[in-house]
Amino acid sequence: MHYSETWDLDTIFAGGIDSPALATKLTTIKHQLHDTQTTLTNWRADADTPAYDWFLQIVTDLQHIEAGLQQSEVFVVAIQSADASNTKAGTVLNQLYQLDNQHENLMTQFKKKLVALPQETFTKIIGQPELQPIAFNLTEMRKQGLALLDDQTEALINNLAVDGFQGWSDHYDTLVSQMTVPYTDDAGQVHQLSAGQAQNMLAAAMPNQQRAKLMANWETAWQQNAAPFADTLNHLAGFRLQNYQAHGTTDFLRKPLELNRMSQATLDTMYQVVANSQDLLLHYLKRKVALMGKTQLDWQDVEAPLTLGTATNTMTYDQAADFVITHFQTFSPKMAKLAKYALDHRWVEAENRPNKRPGGYMDNLPETGESRIFMTFTGSPNDTATLAHELGHAFHADVIKDLPFWRQDYAMNVAETASTFAELIVADANVKAAPDTATKLNLLDAKMQNPLAMFLDIRARYLFETSFYQARQQHVVTPAELSDLMLTAQKTAYGNALTTYHPMFWASKLHFYIADVPFYNFPYTFGYLFSLGLYAQAKQQPDFEDRYIALLRDTANMSTEALAKKHLGVDLTKPDFWQAGVALIKRDIDEFMALSAPLL
């Protein structure tokens, strides 16, 4: 089967960034905001009994506005991601951020209205049949409303955030889009790579010495721009900390935990198990680097693919797409059907070309019930895994698209559940399909990239971000200090096992610069380990598909701990669940060590 490697955005809004339909949509949202503001201002609970039809209309309108904003933003960000030189996209995004702020101001007023309600009245409202599906969300909003300041102050903070917060996040994207990293090919010709191209190449097959040179150039390129990146990170964090303080807290982890609907106890237990598993993964890395013909372990070796034997381990995009669909089918026919539909209808942007942003993501389009996936496909096993990962996200969005919009607002930690589960399916299938020992070792290594990232790299990110915010509460952190904090975090997470590190990682990692998601790290580790538990059950239970979909449909309807208890029967504040996931990782490492021992 042949699949297009470029996505179709015209089915969202025809005509690109100058789309008349997009312009009309923005005008419509402006009118909706005005009308809803009037309705909300005039709403009185005592005049809206017994069915609370007026309140129901407000709730419906607020969700429609938010869905329209998301639909529009996904479209504009998609244009910007696929063509980093499209400067007009930034202008339109700024217009959307202004509308976002107006909606956020409405939500502030709405939450405060909820707080003002007597408990008896609030209970009657969320008991209405039409509102029961979002009763949890409304209760959560009422709790959030308790920490809000007066309307004028909240509106001022939201308005200032466009330039004082989101603006700095956008500035990071601009800086990255202008960066180049020199790369010398086998013929001695120097190429100027974009950040995205260089990042992809570092994870691709190449000789050790060549990879080391590219890594050095990568580090230097970020170092040369250290000052503007440090300014950007400091201002983002400074705004966030001031906002926290204005709302009565100096605990910078409080908001990330609330956003993920999880407790500090769960986070602490998970990371204790992760820290205790460090030696297991370092044992694996030492064997891997020996197979690469090296005597020392460097930063760039961790993600470098093994290339044992003569097999290339590469796939064409069409082969990868068919492989994903085929193996999704063994666990969930509905998942396979969605993946096939997405690929047939050009939801995926995968072409390897210059001027694309680095990384990959999935965004869902709530008004059309579709998704769009961004990535750059180069043929490696990791790229096939990325395709499966993002299609897993799309499946999650698809099975909840019939729910009210607020019931689709799942937290980031459980958002990684479906994606990582999908990735595990494909990684296992890859290993099982290996025709010989060398290929199996290569594919086991590709599969190991996830636990290496979740347990070592992402733990380093978490440690860095924690120490950075502690420092930022006291002073502006210099580029040199940022690099020192990162180096310390990496050495701790990697057990001082590497010879070289990546001190400029604080600049090269986009996740530190995302305005609306603080601590964009620990949710990945949670999602990975949570998915391992699901995957173990999936291989043993014939009715797994229905149970899996039921869990996904509940992901925005309860706390993380309640979700795990209801659907898996486990307590996330105890180490047993997390250790069960580590046991599955150990099984892969044991197989790798046994197969590779005769080669040394």
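Contact here means heavy atoms within 4.5 Å, and helices are DSSP runs of H or I with at least four residues, strands runs of E with at least two, numbered from the N terminus. This is a predicted model, in which local features need pLDDT of at least 70 and side-chain atom pairs pLDDT 80 or more, while totals for chains, interfaces and linings use all residues. Residues are numbered from 1 along each chain as its sequence is written, and side-chain values use heavy atoms, without hydrogens and water.

Within helix 5 (residues 135–145), pick Ala135, Asn137, Leu138, Met141, Arg142 and Gly145, the buried residues. Look down the helix axis: these residues fall within an arc of 160°, so they line one face of helix 5. The arc is that of the directions from the axis to the C-beta atoms.

Next, select the open sheet of 3 strands, ordered 3-5-4 with mixed pairing; strands pair if DSSP finds at least two bridges between them. Strand 3 (348–349) and strand 4 (361–365) are the edges, each pairing on one side only. Strand 3 runs parallel to strand 5 (residues 370–374), joined by 2 bridges. Glu349 stands opposite Phe374 in strand 5.

Finally, show the whole chain: 24 helices and 5 strands. Its C-alpha atoms fill a box of roughly 80 × 55 × 45 Å along the principal axes. Buried residues make up 56% of the 600 residues.

Definitions and conventions. Buried means under 20% relative accessible area, exposed over 50%, partly exposed in between (1.4 Å probe, protein chains only).
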